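Visitor: Please take me closely through one part of this model, the core and the strands around it. Start with a word on the overall layout.

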Amino acid sequence: MSNKIDRDVVHHLERLARIDLSPDEVEMITEQLGRIVGFVEKLQAANVEGIEPTSAMSHEATEHVRDDVVTSSLDRAVVLGQAPDATQEYFRVPRVIGKADE
Amino acid sequence: MSNNYEAVIGLEVHAQLSTASKMFCGCSAEFGGKPNTHVCPVCLGLPGALPVVNARAVEFAVRLGLATECTIRNESVFARKNYFYPDCPKNYQISQFDTPLCEHGRLSIENDAKQVRILRIHLEEDAGKLVHVDGADHSLVDMNRSGVPLVEIVSEPDIRTPEEASEYLQKLRSLVRYLGICDGNMEEGSLRCDVNLSVRKRGAKELGVKAEVKNLNSFKQVEQAIEFETERQTKLLESGGRVTQDTLLWDPAAKRAVVMRSKEEAHDYRYFPEPDLRVLRASGELIERVRGALPELPDAKHKRFVSQYGLPAYDADVLTGSAEVASYYEAVVAAGADSKAASNWLMGEVMRELNERKIDIAEFSIRPQALAELVTLQATGKVNSSTAKDVFKEMLASGKHAGAIVKERGLEQVSDDAAIEKEAIAVLDENPEEVKRYLGGKEQLLQFFVGQLMKRTRGKANPKVAAEIVTALLSERR
Amino acid sequence: MSLHELSIFDLRRRIAAGEVTPLEACDAALAQIEARDRDVHAFLDVHAAHARDSARNLMASGKGRSLPLGGIPVAIKDNMCVEGTPTTCGSRILGKYQPPYTATAVARLRDAGAIVIGKTNLDEFAMGSSTENSAFGPTRNPWDLSRAPGGSSGGSAAAVSAGMAAASLGSDTGGSIRQPAALCGVVGMKPTYGRVSRYGLVAFASSLDQIGPFARTVEDAALVLNVLCGKDERDATSASTPVPDFTAELGKSLKGVRIGVPWEFLGSHVDTSVRTAFDRTIDAAKKEGATVVEVALPNADFGLAAYYIVANAEASANLARFDGIRYGHRTPKAQALVETYSKTREEGFGREVKRRVLLGTYVLSAGYYDAYYRRAQQVRSLIISDFATAFERCDVVAMPTSPTPAFKLGDKTDDPILMYLNDVFTIPVNLAGLPGISVPCGLSPEALPIGLQLIGRAFDETTLLRAAAGMERVADFSRGAVAPLPKGARA
């Protein structure tokens, strides 16, 4: 079952997660992920027929929302101040091709 | 375009909600603003920051859902949509996936002849703005827009032509403005539209492979994109090719769509329920409260204006274009003005004034009762139309009432036949050459005589009566 | 007893009486850090000057004597934001990042008069059970410097254990407070999910994370909990359930307390020394009048697997924001955008973090969501209902906190799954969102601390703390003890 994870899968995951592993790391992580996935396979033995998934942990049935009130924002100098690359007004990033997601 | 194929179109519209603060934090959601000045740890995605839902945004979405006859879910769930992009500070967007807030509604077009079904309406947060710098190796990011509340309205693929698409969009735009939830400005980006389009042979039941076109900034561009894409796909199929599930970007200058991303590179958004937020509750009580507070919707108002005020469809269209104009109109009629006359005034002089001054009807200095007075003065013949226009101008300038102005300046229209006839005779006597030429066939000189007559009466003569009298006098002189 | 060895309760008594000043208490803590932290390495950043200033300001305000934690030196795990000071999360990827705001939990401590003396070491992004995953070197167990203090809040546990702070804050996602508490011989508590605001806690797994206190006694932990808990408008998952005085029932005996033990679940997982100490303490509790019943947690065995799916799935999204664009480290090696992201994250994240992010990405990816993520959340529902059933017959559930006492540094780092097994008893508690506490209950033959874990009903920390105080009374461990200077330590 742990053979599900091969190098192609890991490369695909690298792309999705935007992490560029070194070749050694790819090797090691492929093996380790394989074993971990093998380990979590034991979940398949659980009897979950008709069971609702728990997606949020709040114990309370009430809601938590806020009123539509404007509160103060951060100073721009603070917003941009720790950016690795910024102008006085904007964050600066390597040029983005096209308009939407990559 | 080939007639063998038909286009099958669905529209995905994003509307920015006009709340004061953002979807998940208290930063101002106002458009404009110096870059990166409406930003806090939450909408900047700083480590440790957490989202909290804006209750008003939920209410706005419910309003829209009810107005489009959707079912509102009592419990819906926010979900993370995961993708990396510089305008997306957490590199995920909080949206809704499995359980949208509103579902299965509709919007009618072509005078109710056609229903476009609405599959779903859900809440999500907007991304920041990327500013592209021509020729540079970098782009700039402004996070002011990050976190502004959006509703996404997804239609079923019920649309078939560019015109239907345009009308659907116009209707939607009018509706969100009526509901007071969005200013519907496509050029500023508060209303955005993506087109999903496939083609199939006419009569076929199955859907073809669809492509998506993004980056459309006006209704016109939507129509153009639909035409372009329909042609592209049709040509492709006719030449034996196959359509691939691509995402295309519209180029407004070149008027064409270019493939941006193919299916193979398509995103795996890895949606999962947002663990930082509770289940979104829209109670029966909330829904009824919102339903009770819904304004009369554009379609219903249009129908009512036609039947109640006896207006032609064109007039009803213009007057119900905005809830405020419609309301103003009704107040004018309620104050006693004739419904058609009031309509003419509103569509004519008033709208002209609003456009020139670039103001809303709410800022218009003449109140409905005052306008009604003027409308009635003209409709009952007390002043003629050109005098009425002058009075209108003075009302704007001085703030005085119509009746007072007419009295002060002695502008009451002269309809007394004898008085007019006296002046008419004088005009004809003073212009023998023109009389000769008129009698010789130059009938357009009637305008000249009437004009002179209006001068002599300082514009107060009833033009219709004047014309009649002059014509009669002239024929006597044959 | 030196100042730094005093419990919060005793220190507060002296400060309130004017016998000790907040500055003296602060200096004592700083001196102890001087004395032991070169060996232990609990701290990533000591705020000596700032702490002294805070102490002086507190004294000048005149409130030092009356505030509930007035003058108490506390350490904060370095995954909680403290405005204007570095917050590293034990990682290189945050670079020199300093948050522009302070975590609610920390602000509450400060408002109660506590003096923040520094930020403590942790496994990177709270991912780990030994603090060996820190990018800045491990923390060493104050009882034996060749051994791990546990994790991920190893620094906070060690700081309290070695007397460098009277209390500290940790975060617990799968046991990261309770397990290091057990290994370091201190009390560590994870409250009910939602009791303490997560605003300002750098998220690992949002539906599992909770902030909680380390202290040397149960009473001290309750005192800190009183200050930490409460609804926060900024955290939508924070609870509205009213906060009682958690010290209310600490003096009550164990008589009538029903303790449920899932003997079957303990099964073969547990070291002999741990089992011996556990059994002895349970027997002693019975002698004080507690009733011990057997309970079943039939799905707890699936807990580890469910946890590693859910936690890492959430983490893969929570850690996506670290991309070098708005703050922190950015790779110098990239030109294009995608490269900027992927090289920054490659350079900035440690191995365990990368493993978990990739695993989390995998279990959410197209085609696998139902088989892994959804199924894991279903198992979670089963575990919640297991506990609910158990609590029909008992007031608290008892288990060892950790299957083993402190292991040697380097022992488990080659095999991630081996490391994950450390959390087998703590993880189900996070999955169910229940409150859990570890209390020192004995020493192993190698003189290493052993912890006993108690788990309570949601929002019933009062009963949980009562039972914990009882266990503390009957345990074979010197209540409130600071770890003695171990072999190999600089005197």
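**A sheet, its helices and the core**

Guide: In this predicted model, 64 Å separates the C-alpha centres of domain 1 of chain B and domain 3 of chain B. Chain B is split into three domains: domain 1 spans 5-289, domain 2 spans 296-409 and domain 3 spans 417-476.

Now to the sheet in chain C. Eleven strands make up an open, mixed sheet. Their order is β1-β3-β2-β4-β6-β5-β10-β11-β9-β7-β8. β1 (43-46) and β8 (291-294) of chain C are the edge strands, each pairing on one side only. On average, neighbouring strands of this sheet are turned by 30 degrees against each other, direction ignored.

Look inside the sheet at β4 (residues 167-172) and β6 (residues 210-215) of chain C. The two strands run antiparallel and are joined by six bridges. C:Gly170 stands opposite C:Gly212 of β6(C).

Helices pack on the sheet as well. Helix α9 (residues 272-287) of chain C touches β7 (258-261), β8, β9 (396-400), β10 (436-443) and β11 (449-456) of chain C. The direction of α9 makes about 105 degrees with that of β10(C). Helix α2 (residues 22-40) of chain C lies across β1, β2 (73-77) and β3 (115-120) of chain C. Helix α2 runs at about 20 degrees to β3(C).

Next, the core. The largest nonpolar core holds 290 residues. Its members that touch the most others are B:Ala61, C:Val74, C:Ile117 and C:Ile309. The most is given to this core by helix α10 (residues 303-318) of chain C, with eleven residues. A second, separate core of 30 residues includes B:Tyr328, B:Val333, B:Val383 and B:Val406.

Take C:Val74 on its own. Neighbours within four places in sequence are set aside here. The contacts of C:Val74 then include C:Leu109, C:Ala114 and C:Ile117. C:Ala165, C:Ala167 and C:Leu169 are also among them.

Chain B meets chain C across a contact of 25 residues from chain B and 33 residues from chain C. The chain B side divides into 15 nonpolar, four polar and six charged residues.

One last stop is a hairpin in chain B. β14 (residues 247-251) and β15 (residues 256-261) of chain B pair in the antiparallel sense over five bridges. B:Trp250 has B:Ala257 of β15(B) as its bridge partner. Four residues lie between the two strands, and B:Lys255 takes a positive phi near 55 degrees in this hairpin.

Key: Residues are numbered from 1 along each chain as its sequence is written. Chains are lettered from A and ligands numbered from 1 in the order in which they are written. This is a predicted model: local features need pLDDT of at least 70, side-chain atom pairs count only at pLDDT 80 or more; totals for chains, interfaces and linings use all residues. Two residues are in contact if their C-beta atoms, placed from the backbone, lie within 7 Å. Ala, Val, Leu, Ile, Met, Phe, Trp, Tyr, Cys and Pro count as nonpolar, Asp, Glu, Lys and Arg as charged, and the others, Gly among them, as polar. Domain bounds come from an automatic or database domain assignment. A nonpolar core is a set of buried Ala, Val, Leu, Ile, Met, Phe, Trp, Tyr and Cys residues joined through C-beta atoms within 7 Å. A residue is buried if 20 or more other C-beta atoms lie within 10 Å of its own, exposed if 12 or fewer, and partly exposed in between; C-beta atoms are placed from the backbone. Two strands pair if DSSP finds at least two bridges between them. Axes are lines fitted to C-alpha atoms, for helices over the stretch in contact, and angles run from 0 to 180 degrees between N-to-C directions.
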